[in-house]
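Hi,

Here is the structure I promised to pass on to you. My notes follow below it, and I hope they are handy when you open the file.

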Amino acid sequence: MGFFDPYKGFGVTFSTMFKKPTTEQYPEQKKETAPRFHGRHQLNRHPDGLEKCVGCELCAWACPADAIYVEGADNTETERYSPGERYGRVYQINYLRCILCGLCIEACPTRALTMSNDYELADDSRRDLIFTKEQLLAPLGDGMQAPPHPMRLGDSETDYYVRDPDAPLPWQVTDEQRAAAGAASDRAASDRAASDPGASDPGASDPGASDRAADVIDRRAAGEHSRADEVPAHGAGSERPR
Ligand code: SF4
Ligand code: SF4
């Protein structure tokens with residue numbers, strides 16, 4: 001240790017005496033967080049009010065603090081809480097354990113679970129810091145209806161996940177708009193057919209296509225089948241639902 005080292009320590013104290021104090025007057029004055037601050041969780045809903053959570057438990061498996069408890073259950077046609085087969089019947093987050101790391105929201109495949117900017121998670125009761133599904137669910141917004149109720153955005157869960165988020169909701173579209181959209185689509189189809197007569201027949205632009213198709217049919221009839229013959233499936237699995 002050098003001769004001046006103890007005085008260097010006093011120097012830090014001395015220079016700090018002239019700095020402006022940064023004391024925050026919490027809770028009288030609440031400071032705004034950064035927009036992406038990880039605070040209290042929220043379970044989101046679809047625009048018709050059905051829940052996005054499908055009870056898959058991926059968030060619980062991803063949690064390093066074992067703070068999430070999920071029990072899934074089957075939807076029925078008379079009692080539907082989410083589009084598709086399953087929903088989260090029981091959902092709990094234990095804020096005594098949670099370290100607000102955000103790994104659970106990364107793991108969620110349906111974007112059901114997100115984190116808000118709310119950081120006021122202190123309490124003097126251990127029981128009250130275990131938040132239930134009712135506390136975590138997002139409030140009902142405009143046009144939403146509390147589940148259980150039938151699917152209102154379409155006939156299948158694909159209609160919920162593969163849709164333009166800016167498109168009007170089915171109950172917002174008037175009969176005039178629906179008729180105009182149908183007429184525009186018919187006009188576009190007839191324009192395409194007029195400008196490219198081969199477009200309606202994919203085989204016409206690829207003379208070898210019909211031969212290859214016939215070859216596949218022959219091989220299938222003969223019991224030969226390869227993965228190259230399979231048509232890639234669209235919808236489930238082809239796009240990560242968000
Ligand atoms: S934020 Fe982290 S600790 Fe908290 S529930 Fe999610 S994964 Fe677990
Ligand atoms: S919040 Fe997401 S990851 Fe967790 S159970 Fe629900 S759908 Fe699955």
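To begin with the ligands: which of the 13 residues around ligand 1 come nearest? They are Cys63, Cys98, Cys101, Leu103 and Cys104. Please keep in mind throughout that this is a predicted model. By class, the shell of ligand 1 holds twelve nonpolar residues and one polar residue, with no charged ones.

Ligand 2 has 14 residues around it, and the closest are Cys53, Cys56, Cys59, Cys108 and Leu113. Its shell splits into ten nonpolar, three polar and one charged residue.

Three strands form an open sheet in the order 2-3-5, and their pairing is antiparallel. Strand 2 (68-74) and strand 5 (130-131) are at the edges with a single partner strand each, so one side of each has no neighbour in the sheet. As a reminder, strands of a sheet pair through backbone hydrogen bonds, either parallel or antiparallel. Strand 3 (residues 86-94) meets strand 5 in the antiparallel sense, over two bridges. On the strand 5 side, Phe131 is the bridge partner of Ile93.

Finally, helix 1, which covers residues 5-16. Its twelve residues should span 16 Å at 1.5 Å a residue, and the end C-alpha atoms lie 18 Å apart, which agrees. Is this helix buried or in the open? The number of buried residues among its twelve is zero, so helix 1 lies largely in the open.

Best wishes

Technical notes
Residues numbered from 1 in each chain as written. Chains lettered and ligands numbered in written order. Predicted model: local features only at pLDDT ≥ 70, side-chain atom pairs only at ≥ 80, totals over all residues. Near = placed C-beta within 6 Å. Nonpolar A, V, L, I, M, F, W, Y, C, P; charged D, E, K, R; others polar. Helix = DSSP H or I, 4+ residues; strand = E, 2+ residues; numbered from the N terminus. Expected span 1.5 Å × (residues − 1). Buried ≥ 20, exposed ≤ 12 C-beta atoms within 10 Å, placed from the backbone. Pairing = 2+ DSSP bridges.
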